[in-house]
Amino acid sequence: MAAMTMPVVVGVDGSAPSLLAASWAGREAAVRDAPLHIVHAAVHWAYSVPLVPQPPAWGSDAEAAAREILRQAAVHAQAGRPHLAVTTEIVDGGAPEALVHAAEGAQLIVVGQRGRGGWAELLLGSVSRYVATRASCPVAVIRQPHTGERAEIVVGVTGRPGQEPLLDFAFREAALRSAVLRAVHAWVYPTAQGPGDMQPLVYDVEAVGEEEALLLAEAIAGWREKFPDVTLIQHVVHEHPAKALIDASTDTDLVVIGAHSGARALLGLGGTAHAVLHHSRAPVIVFHH
């Protein structure tokens, strides 16, 4: 299946964050010239099970409520985009697992930062965290209302091997939107390279900064040639990567971060990705590589 025909999927539960996610997903699907598939997960209790308290039985009222959640989400997604192709589905099961399953065959899955469940004090809901960690496609986590296009995307660049797919994705996103791409490379020095490493007590911040700027330039050189129409800003900063990306999120439309897939994903997203998802002021796309 061609990439542009793969759907954008969004999970909704009727909460305000999920309706915001539906609206953002509709805009994203339109940008990608892709259909939008809206999913609502609900547990269908077909048999009497020994649980206390008993869950509510699935019946006509429950189905009508689920259909209304999907209808409202579709209205938000199609606002200003009447020709957007939208399909809806009620899937049986818990939301985390159902959404990860729905991500199979999607080019992007979108979730709100948090839904109806959980504690209001938590910035990132358990469903969003689960999907961001385990989905097989890029995951967009939406937090803030859309307040106007700034036409800029931020991507975090470590300069280490293995980020090539992430950079390719970020450049393509910028090209799709005709947006500026800001490549942020943050460094904290000195850092140990291995057990027992002795680090200098005094070092030249300016000299190290120049080395880190060269590292960033080398990391993105190939993509500058591949996407000559994308305006690129190289941003090197001496601070923790999470803080640098959170600060950059204030004035951007989207933050793109990388996370390891496969066995390493079982340990979680990593400290930087986890912090950015909790505190970013802009939507975040987690790209597994």
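Mentor: With that, Asp-33 falls in the loop between α1 (16–32) and β2 (36–42). This is a predicted model, with pLDDT of at least 70 needed for local features and 80 or more for side-chain atom pairs, while totals for chains, interfaces and linings use all residues. Residues are numbered from 1 along each chain as its sequence is written, and side-chain values use heavy atoms, leaving out hydrogens and water.

Trainee: How many helices and strands does the protein have?

Mentor: Eight helices and 10 strands.

Trainee: Why does Asp-33 count as exposed?

Mentor: The cut-offs are on relative accessible area: buried is under 20%, exposed over 50%, partly exposed in between (1.4 Å probe, protein chains only). Asp-33 has 64% relative accessibility, so the residue counts as exposed. Its phi is near 55°, a positive value in a residue other than glycine.

Trainee: What makes Ser-178 exposed?

Mentor: Its relative accessible area is 66%, so Ser-178 is exposed. Ser-178 sits in the loop between α5 (164–177) and β7 (180–186). Phi of Ser-178 is near 55°, positive in a residue other than glycine.

Trainee: Now a helix residue. Why does Glu-210 count as exposed?

Mentor: Its relative accessibility is 52%, so Glu-210 counts as exposed. Glu-210 belongs to helix α6 (residues 205–226). Its C-alpha lies 9.1 Å from that of Val-236, 26 residues away along the chain.

Trainee: Is Ala-132 buried or exposed, and why?

Mentor: Ala-132 has 0% relative accessibility, so it counts as buried. Ala-132 is part of helix α4. Ala-132 and Ile-109 are 23 residues apart in sequence, and their C-alpha atoms are 9.2 Å apart in space.

Trainee: What share of the protein counts as buried?

Mentor: Of its 289 residues, 44%. The accessible surface is about 14,800 Å² (Shrake-Rupley method, 1.4 Å probe), and 58% of that belongs to carbon and sulfur atoms.

Trainee: What makes a set of residues a nonpolar core?

Mentor: The members are buried Ala, Val, Leu, Ile, Met, Phe, Trp, Tyr and Cys residues, joined through side-chain atoms within 4.5 Å. The largest such core here has 48 residues; Leu-36, Ile-38, Val-110 and Leu-181 touch the most other members. Apart from that core lies another, of 35 residues, including Ala-103, Ala-106, Ala-132 and Ile-257. In soluble globular proteins, nonpolar side chains tend to be buried together.

Trainee: Which residues does Leu-181 touch?

Mentor: Contact means heavy atoms within 4.5 Å. Not counting residues up to four places away in sequence, Leu-181 touches, among others, Ile-153, Val-155, Phe-171, Val-230 and Ile-233. Across the protein, 80% of contacts between residues at least 6 apart in sequence join residues at least 24 apart.

Trainee: Why are α7 and α8 called roughly parallel?

Mentor: Axes are lines fitted to C-alpha atoms, for helices over the stretch in contact, and angles run from 0 to 180 degrees between N-to-C directions. Helix α7 (residues 241–248) and helix α8 (residues 271–279) cross at roughly 30°, and their axes come within 9 Å. Angles under 35 degrees count as roughly parallel, over 145 as roughly antiparallel, 65 to 115 as roughly perpendicular and the rest as oblique. So α7 and α8 are roughly parallel to each other.

Trainee: Which residues meet between α7 and α8?

Mentor: Pro-241, Ala-242, Leu-245 and Ile-246 in α7 face Thr-272, Ala-275, Val-276 and His-279 in α8 by contact.

Trainee: What makes Thr-272 partly exposed?

Mentor: Its relative accessibility is 27%, so Thr-272 counts as partly exposed. Leaving aside neighbours within four places in sequence, Thr-272 is in contact with His-240, Pro-241, Ala-242 and Leu-245.

Trainee: Which residues of α3 are buried, and what covers them?

Mentor: Pro-96, Ala-98, Leu-99, Val-100 and Ala-102 are buried. Their cover includes β1 (8–11), β2, β3 (86–92), β4 (108–112) and α4. Helix α3 (residues 95–102) packs on helix α4 (residues 126–134) at about 35°, axes 9 Å apart. The crossing of α3 and α4 is right-handed.

Technical notes
Helices (H or I, at least four residues) and strands (E, at least two) are DSSP runs, numbered from the N terminus. A crossing is left-handed if the near helix is turned anticlockwise from the far one by less than a right angle, and right-handed if clockwise.
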